[in-house]
Amino acid sequence: MKNRLILFLAFLLLISTCSQRVGIQKHVLLNNRNWVERTLKSMTLEQKIGQMILMTFRPTYMSDSSNAWLTIKNDIVNNHVFGYHIWSGEIFAARHYIKKMQNLAEIPLVFSADFERGVGIKFDGAVEFPPNMAFGATGKTDYAYKLGASTAIEGRAIGFSMVFAPVADINNNPNNPIINTRSFGETPELVSEMVQAFIKGTHDHQYAATVKHFPGHGDTETDSHIDLAAIYGKRSRLDQIELAPFKAAIKCGVDAIMTAHIYVPELEKEPGIPATLSSEILTDLLREELGFEGIIITDAMSMGGIKNNFTENYALINAIQSGCDLIINSGRDATAAVNVIKTAVKKGKISEERINISVKRLLTLKAKLGLHKNRYVDIRSEDNVIGNPKTAEFARQVADEAVTLVKDDRNLLPLSSEIKEIAIINLHDVDTRHTENRFQRELSAIYPDAGVFTLDLSDDKEDFEQVAQSIPDNALVVIGAFARYGAYKGHIDLPEIQTEFVNQLLKKTSNIIVYSFGNPYILRQFPDISTYVCGFGWQDISQRAAVKALTGQIAISGKMPVTIPSIINFGEGLQRTAVIKSFEPPYPRSVSLKIRKGFPNEVGINTLKLSELEQLLEQGLVDSAYPGGVFLAAKDGVVFSEIPFGHLNYESNTPSVNRWTIYDIASVTKPVATTSAAMLLYDQGLLNLDEKVVETIPEFGQNGKDRVTIRHLLTHSSGLPAFIQLWKVADTPEAMLRQIYQCQPEYIASEKSVYSCLGMIMLQKVIETKTGQALDTFLSENLFQPLQMIHTFYNPPAKYFDNIAPTEYDPERGGIVHGKVHDENAYYLGGVSGNAGLFSTAWDLAKFAQMLLNKGQYGDQRIFNESTVELFTKRQNLIKVSDRALGWGMPGEKSSSGQYFSENSYGHTGFTGTSIWIDPEKNLIGILLTNRVHPTRENRKIYEFRYKIYNLLQESVTD
């Protein structure tokens, strides 16, 4: 009896609690409704019109008196806009301006953003998730819920209350250039479930969701940012596929639906009218047939699908007439938009009742979000919400579980730790400046002997051929394919030149793995690839997941959320279990210093002396010692000074020099290129310093030169003349070489040292004979590419000409020499010569110099043996008082290095006005690149300036 009484009392308490909760909810709804009705009733026509406009901005500093801030203030105070869509920015700046703007508003503002992949997609420090298709590959709707919840929590902590997500488009067209991995997948069932879960995640945290792009943007082949897209299909198909996720979103109470700037002839009778401007689609279908009662919002009205086909005023009025409640007014003044709508109301094109209906919906959303009670949402000073480690770990989990193995015909996965010949190649469908990314760094850490290459839109056919030639036959090749959607790109596949490159590699090796960091459909471009993996995302977490999946550190369990025609169906995917917890390199991996930018005081540099040096560089411009140049200095691997100064030439309208300006380095070619090639052969046992030149080039032994050795050539003690104008006495490269073979020596080898360009031309011939390769090809493969010296080459491609400093005026060569080697012998030898011909930048040369200071290694790339560097950079003493190392000069009386470089320093100058000096005792690098011969070589003022510049550099070193 007692137990029954307790149960009865508990039942009464439960009924009371439930009744109380229902009562609270009704009270909240009543209060919200009262605020909406009261506010709407008090508003003027202008205020109501303003509420239908959503403005855009980026939160960066604005003075209170700036036009940018005064415009925002006017739009809030006088135009009464609904709110602002923030494209991207910095978290603290966004918080600051959201607070400041909310303070100005009579009616609280809504702040929205395109957080399709979480808040981190727009704000550094917040968590960025992989694209929606990665969620589709996991098949877990609770992950979509967590994505919506995480987006709401982090967004509210900044001050946002609305997200333009989730994407409800079904990507059933492999050629779609703008949706692609933004979609959860290709089936209405998968997309509908994921969309509903995301919306619930936002709603559970009082955050508004906006599904897009109605009535579906998945089956298009045009980016609506560029022009009007279209979807063709019968109404029955639209109901079953495109419209299904939107119906699901409406069913779970989505707050807003964004229109698509696409034409759907089955739904809109008038040709060329996009959904945004179609009352048949927005009013008849979305409102009346599907029963949507929330906000209809346009996509940005500045997109090509609208602005290329309609005037701004026409589009604005027709969007409202067709049923849109909120206009994204990007790129246009709010005052103008308000006036256009106001005029339309006065002329009877739009009724005020029509305006009232939209404004009531907009105010209802603000009340639902609680903005009428707390317009600052969850803006907080503490930062334990944004970038929370648990949220970041969840994002990593999604990236790991999304990895999907499409095919592995040769069972290449997981990769073995014993692989010796491996190349890691990234292909990008944009220009990346050949930056090495996390995927390459982490995979090459496991395989330190791997060849690592980055190819992008800046590369031409020759670049691709060089990389292809450097891949050994039957080597394992891992290709990271970075092809993804992007507004205004208009394409989604890899460029044709990259596709041809992959197919060319297939002729050398069948062991190729392609890992797609984005568009899953690119396998259609090379279907014969044996192993293909999709990660769907390109972010760091997706790149880390790729390395772990390839090496067996995690299981591969993803299922394809789309079909790749004739290759794999929806829902399929090969499985791989994890085989190891961590992947250790096959042998210890050493990593040496790489150059990086830093402050002078970090490496003990006197900034006053550095200022004097900078002033001296400027004085050289005033005195016309050179039209411009780049000075770079580094110590302990830290570039503490990198100064571009002046212009490419003396004309006032010529471009300024920049840090990437390319210079003809003239005789600096001798140590950087020719000597380095000799060092590479020395390491391989293919070159003996004391072997005679005639052993490789018998013709050279004429007239008593048969005793000349490689060491003689490198120390300028061969007896060869300093210089012969070969191009004047011979008309072909072969005839020019014969002139050297036949020439008389001027002294006996080892008798003295006379700087000779001819000796280095002969050394080039020795190297090319031994390698069977042209000098430029050999160096590109074995030196420049491994060091990522991407702007170092002979005969620079035409695409770089605008950033190459011109040299001398030469009437015999048609005027100013530009983009061609200045040295005449090198020019008539075809631009590739042992004495000159190399073009480079200060930064590339600094990498090379640091590698030498590191005794032959740069990062994880071993270029030379340590002993080889020590041998080639030490004084040879073949000749008394000689200042020669092997290929390098060393400080001597009146040296170009000035007075203070240590005795063991080494360096070189170039006739065009270039120089490099390396001090191993101080770990110091100095590089000065100019084009002092422009427009005439008679200008010798640089000699005095250079001496003083290097003196000041050494004087700036305090330790």
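Me: What share of the 959 residues of the protein chain count as buried?

Reply: A word on the basis first: this is a predicted model, where local features need pLDDT of at least 70 and side-chain atom pairs count only at pLDDT 80 or more, while totals for chains, interfaces and linings use all residues. Residues are numbered from 1 along each chain as its sequence is written, and side-chain values use heavy atoms, leaving out hydrogens and water. Buried means under 20% relative accessible area, exposed means over 50% and partly exposed is in between (1.4 Å probe, protein chains only). Of the 959 residues, the buried share is 60%.

Me: How many helices and strands are there in the protein chain?

Reply: The C-alpha trace spans about 120 × 65 × 65 Å along its principal axes. Helices (H or I, at least four residues) and strands (E, at least two) are DSSP runs, numbered from the N terminus. The chain has 30 helices and 29 strands.

Me: Which residues touch the most other members of the largest nonpolar core?

Reply: A nonpolar core is a set of buried Ala, Val, Leu, Ile, Met, Phe, Trp, Tyr and Cys residues joined through side-chain atoms within 4.5 Å. The largest one has 160 residues, and those touching the most other members are M101, F214 and L550.

Me: Which residues is M101 in contact with, leaving aside its neighbours within four places in sequence?

Reply: Contact means heavy atoms within 4.5 Å. With those sequence neighbours set aside, the partners of M101 are F57, W69, I72, I76, Y84, L109 and F111.

Me: How many residues does the second, separate core have?

Reply: Among the members of this core are V630, L648, F784 and F864. Its residue count is 82.

Me: How many nonpolar, polar and charged residues are in the contact of α12 with α13?

Reply: N313, L316, I317 and I320 in α12 meet A337, V340, I341 and A344 in α13. Ala, Val, Leu, Ile, Met, Phe, Trp, Tyr, Cys and Pro count as nonpolar, Asp, Glu, Lys and Arg as charged, and the others, Gly among them, as polar. By class, the residues are seven nonpolar, one polar and no charged.

Me: In which handedness does α21 pass α26, left-handed or right-handed?

Reply: The axes of α21 (residues 669–683) and α26 (residues 775–784) come within 10 Å and cross at roughly 70°, so the two helices are roughly perpendicular to each other. A crossing is left-handed if the near helix is turned anticlockwise from the far one by less than a right angle, and right-handed if clockwise. The crossing of α21 with α26 is left-handed.

Me: Which residues of α9 are buried?

Reply: Helix α9 (residues 244–251) is largely enclosed by the rest of the structure, because six of its eight residues are buried. Their cover includes α7 (188–203), β5 (208–214), α8 (235–240), β7 (256–259) and α10 (279–289). The buried residues are A244, P245, F246, A248, A249 and I250.

Me: Does T696 count as buried or exposed?

Reply: T696 lies in the loop between α21 and α22 (710–714). Not counting residues up to four places away in sequence, T696 touches E691, V766, T769 and K770. Its relative accessibility is 16%, so T696 counts as buried.

Key. Axes are lines fitted to C-alpha atoms, for helices over the stretch in contact, and angles run from 0 to 180 degrees between N-to-C directions. Angles under 35 degrees count as roughly parallel, over 145 as roughly antiparallel, 65 to 115 as roughly perpendicular and the rest as oblique.
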